Amino acid sequence: MSQSPSHSGKIASIPSPWPDAETAAQGLVEIGLWVSERGWVPATAGNLSMRTASGAIAITRSGVDKGELVPADILLVDLDNPTTPGTSAETDLHLAAYRALPAVGAVLHTHSPTATLLSRRFAAAGKVTFQGYELQKGIAGVTTHEGALDLPIYANSQDIPALAVHVTETGGYQAAAHGFLLAGHGLYTWGKSLAEARRHLVALEFLMDCVLEEERR
Ligand SMILES: [Zn+2]
């Protein structure tokens, strides 16, 4: 006998995949402290964002130390009409990710020393390739260390709206690595949830650390 999901009682109890604005703000405050403690958002660098239940994007205010965030530092931006005052210029690179990837719930942008150095080292190649590392499997969809996992590298720009269009048009948001580098600047990565985005950030930072160390030898 076939079972209709509507009779199971479980489907209706599944919460919205996106948190409300208050929960998102709390999550971003916590992840801000977490990335700050690792030295991945020096000074007031970096931007952290989440998609909320209303469809609006919760994102960190410009110019705030990510280790000292309070919920009031998290602003809501309408994806279709992004005119919220106080947001960073880099908000466009976050919004482009949410537009390109409907399943994505969180985007993390950091400026670690490793991301900065490695993106400069491989800028001319336009990518850094990870191969043979078990931790490649920390990235969603990667099931073996044997494949080559490319992390794209884009030239940095102060014209972020144009850069966001360029990344979108060149498939940067579809990268299997679930991230890309801006040369001499930092890393963008994302995930279905804040937890998945954080896992991608940790895995990519680890893989970049390994390659940078190998380059030094
Ligand atoms: Zn940045």
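Which residue in E2 is the bridge partner of Arg51? In this predicted model, the bridge partner of Arg51 in E2 is Ile57, and the pairing belongs to a set of three bridges through which E1 and strand E2 (residues 57-60) run in the antiparallel sense.

**Strand E1 and its partners**

The hairpin formed by E1 and E2 has five residues between the strands, and within this hairpin Gly55 takes a positive phi near 100°. E1 also pairs with E4, again in the antiparallel sense, over four bridges, and here Asn47 has His109 in E4 as its bridge partner. Because five of the five residues of E1 are buried, the strand is largely enclosed by the rest of the structure. In a regular strand the side chains alternate between the two faces of the sheet. Both faces of E1 are covered, with Asn47, Ser49 and Arg51 buried on one side and Leu48 and Met50 buried on the other.

**The zinc site**

His109, the bridge partner of Asn47, is also one of the residues that coordinate the zinc ion, together with Glu90, His111 and His185; the donor atoms are OE of Glu90 and NE2 of each of the three histidines, at 2.0 to 2.2 Å. The angles subtended by the four donor atoms range from 92 to 151°, so the arrangement is irregular; for a tetrahedral assignment, all angles would have to lie between 85 and 135 degrees. Along the sequence, the donor residues follow the spacing E-x18-H-x1-H-x73-H. His111 lies in the loop between strand E4 (106-110) and helix H4 (113-121), whereas His185 lies in the loop between strand E7 (179-182) and strand E8 (186-191), so the pair ties together parts that are 74 residues apart in sequence. Both His111 and His185 are buried.

**Nonpolar cores**

The largest nonpolar core has 42 residues, and those with the most contacts inside it are Val128, Phe130 and Leu151. Helix H2 (21-37), strand E1 (47-51), E4, H4, strand E5 (127-131), strand E6 (148-154) and helix H6 (194-216) each give two or more residues to this core, and the largest share, 10 residues, comes from H6. When neighbours within four places in sequence are left aside, Val128 is in contact with Leu118, Phe122, Leu149, Asp150, Leu151, Ile153, Leu181 and Val211. Apart from this core lies another, of 22 residues, which includes Leu101, Tyr154, Leu163 and Val167.

**Salt bridges**

Side chains of opposite charge can pair when their charged atoms come close. The count of salt bridges comes to seven, and three of them are listed here.

| Salt bridge | N to O distance |
|---|---|
| Arg121 and Glu215 | 2.7 Å |
| Arg216 and Glu213 | 3.6 Å |
| Glu213 and Arg217 | 3.7 Å |

Glu213, Arg216 and Arg217 are linked in a network of salt bridges.

Conventions
Residues numbered from 1 in each chain as written. Predicted model: local features only at pLDDT ≥ 70, side-chain atom pairs only at ≥ 80, totals over all residues. Heavy atoms only, no water. Donors = N, O, S within 2.8 Å, 3.2 Å for Na, K, Ca; no water. Tetrahedral: all angles 85-135°; square planar, octahedral: opposite > 155°, others 65-115°. Buried < 20%, exposed > 50% of the residue type's maximum accessible area, 1.4 Å probe, protein only. Core = buried A, V, L, I, M, F, W, Y, C linked by side-chain atoms within 4.5 Å. Contact = heavy atoms within 4.5 Å. Pairing = 2+ DSSP bridges. Salt bridge = Lys/Arg side-chain N within 4 Å of Asp/Glu carboxyl O.
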